[in-house]
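Biologist: Could you walk me through how to read charged side-chain pairs in a model? I would like the general idea and then the case at hand.

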Amino acid sequence: MVPSNNNGGFSNEEKQLPCFPSCVDWIKENQKVDGSWGLNPSHPSLVQDSLSSTLACVLALQKWNVGEQLVQKGLDFIGSNRSALDDKNQISPLGFDIVFPGMISYAQELGLNLPLDTAFLDRMHYNRDMQIQREKAGSHAYFAEGFGESYDWKELIKNEQRSNGSIFNSPATTAAALIHLHDDKCLKYLQSVLKINGKAVPSIYPYDKYVRLSMVDTLERMGVARYFKCEINNVLDETHRCWQQRNEEIFLDPACCALAFRLLRMHGYEVSSNSLEEYVDQEHFFNTSSPQITTVNTIIELYKASEVKILEDEPILENIQNWTNTFLKHQLSNQEICDDQLRKEADYALGYSINTANRIAHRRRIELYNANHFRMLKTSYRCSNIDNSDIHELSIQDYNKCQAILHEELDQLVKWAKNSRMVSLNFDWHILVTCYFQIAAVHFLPEEADMRALWTHIGVIGTFLDDMFDDDGSREELLNFVELVEKWDDHSAVGYSSERVEILFSEAQKSVDYFASKGFIAQGRCIRHELIEVWVDYIKSQMKEVEWWRKKETPSMDEYIINGGATIGVGLWVIGLYFLGAEFSKDTISTPEFQSLYKHGSLLPRLLNDCHGIKERDKVQRKINGCWLLMKHKNGAITEEEAVKEVTRMSENSNREVLRSSLLQPEKKCDSMGNKRCVFQTASDWPLFV
């Protein structure tokens with residue numbers, strides 16, 4: 001629509017030549033069979049969008065006096081589908097009620113006879129005037145092309161032009177500004193858009209930073225990021241450099257800013273939540289932001305970013321989480337999100353923590369993935385780098401391949417259990433499957449097979465021991481087992497008080513010896529003593545809880561917390577880190593940093609378990625419950641419900657501490673990063689299983 005020379009004072013002949021003839025060629029070459037222009041393939045909810053795109057293309061052809069037959073076919077399409085203009089079930093482009101009537105007015109100036117009756121045209125213009133009156137002043141700048149010459153284009157360029165010359169990174173708004181007021185920066189921006197994209201002009205440009213970050217996010221959430229480690233690191237390093245430079249493309253787009261913040265922080269880069277301060281208040285956000293950045297997709301990104309809290313005091317993230325959570329729930333409950341895919345995304349974001357990176361989440365993402373998904377601004381568009389069928393197919397193949405391996409492993413573990421003497425102890429096969437599922441959901445890679453086997457062995461044996469210590473074990477059996485593990489290699493002089501004790505200690509011994517040999521291969525050193533040590537700590541912590549219960553002692557909360565982390569058994573499972581592939585020395589575990597990570601990583605499931613167990617199970621078991629203990633220390637001043645809330649808050653603090661310890665590293669890419677994140681992943685996914 002921009003004439004070849006809009007400096008002013010040009011001839012009538014020059015007025016009839018397009019500044020961007022290749023765009024006119026694209027219009028002539030891309031009309032669909034039904035006479036429309038727009039997204040291909042289209043969607044039944046996008047008829048309004050097709051009508052808007054079609055009218056825009058018809059206007060361009062009419063203005064440059066070309067494609068008479070194309071114009072007529074376009075008008076026929078508009079006439080055949082005019083009922084969609086009043087259809088509330090249609091997904092409307094942003095600003096449709098302003099831009100479409102503006103195009104109708106321009107069509108009348110060009111002498112086009114639109115197949116729309118007078119009453120309808122009057123209603124469109126009335127609705128447009130009402131919307132302009134309802135909305136805040138200045139909120140229409142993004143739709144300025146719908147106002148024509150009546151808009152203050154000089155003021156728009158003064159207030160909204162970006163450093164790249166664009167208005168809102170919108171080729172449409174920038175072109176409209178250039179039509180009405182010559183500006184070299186606008187012209188150069190549009191020329192650069194065509195140089196990069198050819199004849200077709202995207203809805204938004206530039207968009208590459210958000211696209212690249214979305215690609216990283218998609219690869220991670222689909223479970224195939226490990227195949228693209230180098231590419232992902234390059235994207236994140238470049239994003240971090242842009243973040244430090246306060247790059248306009250990131251910081252003027254809240255969706256991109258929130259996504260960059262979340263991914264950078266989750267990958268160990270130091271980024272401050274202060275950068276999201278502008279979005280801390282819902283009313284301020286909607287009153288000061290243009291419509292293209294207040295979409296549901298943006299709110300979802302802000303919500304997910306708010307979940308990555310790693311410091312005790314991050315009120316910015318807490319406030320963002322509060323209002324975005326409420327907003328999305330309201331939108332869902334009132335069915336205000338028309339886009340089915342976006343509705344599923346919002347529901348998923350609220351239902352699954354962004355910190356959850358297990359195979360359950362991967363499968364859910366694969367099921368939700370839609371390579372034909374469209375996005376909507378002033379027109380619909382698809383981004384092949386985000387919604388990509390190749391990624392979907394790779395994710396499905398990878399998931400199925402891993403599942404086949406896991407099924408084979410599970411069969412081998414069932415054989416192990418059947419050949420053990422534990423079958424005589426009323427063996428519940430569901431326990432084995434559950435233990436295996438817990439670890440396989442987080443560590444599903446083929447090379448992590450030994451870790452899965454170790455954790456399943458420990459889980460099965462540990463479940464029998466939990467039952468013995470918590471429920472029906474005699475005091476003689478419990479003291480006998482404690483003495484056996486303390487003596488370990490010299491246990492023959494101790495003897496067994498029951499067949500159950502003999503079977504369980506024997507299985508623990510065989511497990512230690514088997515995985516010690518595996519560990520020697522993995523680490524190049526003997527880890528047998530370390531395996532024995534964690535078994536001793538685990539059993540002694542179990543016995544301490546029994547003694548508290550038996551003597552009716554009330555430990556302090558600190559005593560309970562220190563002991564409680566060990567009773568959940570995570571200490572035993574930390575040994576699984578030896579089977580991740582990297583060398584993992586005992587000195588690493590002894591560092592204060594790792595000890596803090598271990599403390600909170602084990603405390604998190606303990607506290608969650610207490611909250612779940614307070615209703616029924618723990619009332620009949622011989623163990624202390626953190627919720628009850630808190631009530632007792634408060635001398636009955638708080639209710640059970642309040643105690644559960646307080647313990648839940650403590651678990652959230654532990655989760656945040658685990659996240660902080662696992663992500664904030666002196667060296668972001670150090671070998672221990674993956675090992676420490678293993679503890680974080682296991683702890684953060686525990687709520688799925690308690």
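**Reading the salt bridges**

Modeller: Happy to! The structure holds 36 salt bridges, a salt bridge being a side-chain nitrogen of Lys or Arg within 4 Å of a carboxyl oxygen of Asp or Glu. This is a predicted model, where local features need pLDDT of at least 70, side-chain atom pairs count only at pLDDT 80 or more, and totals for chains, interfaces and linings use all residues. Residues are numbered from 1 along each chain as its sequence is written, and side-chain values use heavy atoms, with hydrogens and water left out.

Biologist: Which residue forms a salt bridge with Asp-217?

Modeller: That partner is Arg-221, and the closest N and O atoms are 3.0 Å apart. Helices (H or I, at least four residues) are DSSP runs, numbered from the N terminus. Helix 10 (residues 208-221) contains both Asp-217 and Arg-221, four residues apart, about one turn of the helix.

Biologist: Are Asp-217 and Arg-221 buried or exposed?

Modeller: Buried means under 20% relative accessible area, exposed over 50%, and partly exposed in between (1.4 Å probe, protein chains only). Asp-217 counts as buried because its relative accessibility is 4%. Arg-221 is buried as well, with a relative accessible area of 17%.

Biologist: What does the pair Glu-314 and Arg-265 tie together?

Modeller: Start with the distance: the closest N and O atoms of the Glu-314 and Arg-265 salt bridge are 3.0 Å apart. Glu-314 sits in the loop between helix 15 (296-306) and helix 16 (315-333), while Arg-265 belongs to helix 13 (residues 254-266), so the pair ties together parts that are 49 residues apart in sequence. Both Glu-314 and Arg-265 are buried.

Biologist: How far apart are the closest N and O atoms of Glu-547 and Arg-475?

Modeller: They are 2.4 Å apart, in another salt bridge. Glu-547 lies in helix 24 (residues 528-550) and Arg-475 in helix 22 (residues 475-487), so this pair ties together parts that are 72 residues apart in sequence. Glu-547 is buried, at 14% relative accessible area, whereas Arg-475 is partly exposed, at 38%.

Biologist: Which residues do salt bridges that share partners join into one network?

Modeller: The network joins Asp-217, Arg-221, Arg-262, Glu-301, Glu-345 and Arg-365.

Biologist: Now a histidine: where is His-491 found, and what does His-491 touch?

Modeller: His-491 is in the loop between helix 22 and helix 23 (499-523). It counts as buried because its relative accessibility is 16%. Contact means heavy atoms within 4.5 Å. Not counting residues up to four places away in sequence, His-491 touches Leu-484, Tyr-496, Phe-505 and Gln-509.

Terms used. Helices (H or I, at least four residues) and strands (E, at least two) are DSSP runs, numbered from the N terminus.
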